[in-house]
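I opened my notebook today to look at one structure, starting with a pocket and then moving on to some helices. Come along and look with me.

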Amino acid sequence: MIQTQPSVQDIERSLIKGYRRYIWRPFTRAINEFEMVTDGDKIAVAISGGKDSLTLAKCFQELRRHGKMHFDLEFIAMDPGYIPEKRRLLEIDCDALGIPVKIHDSNIFEASQTMDAQNPCYLCARMRRGNLYAKARELGCNKLALGHHFDDVIETVLLNVLFGANYKTMMPKLRSANFEGLELIRPLYYVREASVKNFVAHAGIEPLDCACVVSANKEEGSMRAYIKGLIQQIEKKNPNVGISILRSAQNVELGAVLEYKDKQGERTSFLDNY
Ligand SMILES: Nc1ncnc2c1ncn2[C@@H]1O[C@H](COP(=O)(O)OP(=O)(O)OP(=O)(O)O)[C@@H](O)[C@H]1O
């Protein structure tokens, strides 16, 4: 439902005032703690049109305006083959939020379905990432910022443990293996999804939700929804469970695991040094 539209200035003010505690501070904390931005950077902010990336774009605009660092921004959106209404909504939202987005076309929806009709989502995600890196490079950027948030991070940890039989977190930043010199950053790392939802509703924006024409990522989607529900259940007993899951990635004791893999995939068993 589209609500009364506040002005861009009102939205920007609310981000650093009303949402200071829940969005602005955790955003700047992640930027500083993980050293995500340095002077001279040119950052491509990837906008899918969803609530998270729209919020991320506003955070970056405010950081450039109020922060001490000097950096450039590009706002990029890849149209993977959205239906015209979705494409239009993306344009309307960016316009209402004062985000000068550059939209480029691709046929990723169609290509991933043609190449792997059974499981197009995996391919689609990989092609999407590659496409965004390539666009960022074309625009002379050295960083690509994505809208993943705190809940994405902790859900990923549990998805990996409960369904993937591995312990892996989503990293706040990483170097691209295929695009040398490009880094991926996730500045909403400490921002809760609920806060993003509130902010976007307050801004009177109707974000794109699932714009996928396949909607075949049901399995991934339903597992993630299940994990989300699970975390909400546990939060009733332990409101800090989310932080606990996040912190678990900072407290891994190598002396108390059976085996671990290093960056090259080399395995070490506890028996090797017993
Ligand atoms: N078509 C796209 N164009 C540009 N960036 C994209 C696109 N799709 C995804 N991204 C980037 O990748 C991130 C993660 O994608 P994902 O599909 O998980 O998010 P989403 O649920 O579609 O949208 P959002 O994260 O914006 O709410 C997005 O936050 C955004 O930064």
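I began with the second largest pocket, where helix H2 (20-33) and helix H10 (241-248) each supply at least two residues of the lining. H2 gives the largest share, four residues. Helices here are DSSP runs (H or I, at least four residues), and strands are E runs of at least two, numbered from the N terminus.

I noted that this is a predicted model, where local features need pLDDT of at least 70, side-chain atom pairs count only at pLDDT 80 or more, and totals for chains, interfaces and linings use all residues. Residues are numbered from 1 along each chain as its sequence is written, and side-chain values use heavy atoms, leaving out hydrogens and water.

Next I looked up the pocket's volume, which is about 290 Å³. Its lining includes Arg21, Tyr22, Phe150, Tyr190 and Leu246. By class, I found seven nonpolar, one polar and four charged residues in that lining.

Then I turned to helix packing. The axes of H1 and H2 come within 7 Å and cross at roughly 80 degrees. H1 and H2 are therefore roughly perpendicular to each other (the term covers 65 to 115 degrees). Ser14, Leu15 and Ile16 of H1 meet Arg20, Ile23 and Trp24 of H2 in this contact (heavy atoms within 4.5 Å). I sorted these residues into four nonpolar, one polar and one charged.

What does H1 do with H3? The axes of helix H1 (residues 8-16) and helix H3 (residues 51-66) come within 10 Å, crossing at roughly 80 degrees. That makes H1 roughly perpendicular to H3. On the H1 side I listed Val8, Glu12, Leu15 and Ile16, and on the H3 side the contact includes Lys58, Cys59 and His66. The residues of this contact divide into four nonpolar, two polar and four charged.

Last, I checked UniProt, where an unreviewed entry lists residues 42-206 as "domain: tRNA(Ile)-lysidine/2-thiocytidine synthase N-terminal". Over residues 42-206 the chain is 50% helix and 16% strand, with the end C-alpha atoms 29 Å apart.

Note on methods
Axes are lines fitted to C-alpha atoms, for helices over the stretch in contact, and angles run from 0 to 180 degrees between N-to-C directions. Angles under 35 degrees count as roughly parallel, over 145 as roughly antiparallel, 65 to 115 as roughly perpendicular and the rest as oblique. Ala, Val, Leu, Ile, Met, Phe, Trp, Tyr, Cys and Pro count as nonpolar, Asp, Glu, Lys and Arg as charged, and the others, Gly among them, as polar. UniProt positions are given in the numbering used here, feature names are shortened, and annotations may be inferred rather than shown by experiment. On a 1 Å grid over the protein atoms alone, a cavity is a set of points where a 1.4 Å probe fits but cannot get out, and a pocket is an open set with protein on both sides within 12 Å along at least five of seven lines; lining residues have an atom within 4 Å of a point. Grid points are joined across faces, edges and corners, and a volume is the space filled by probe spheres set on the points.
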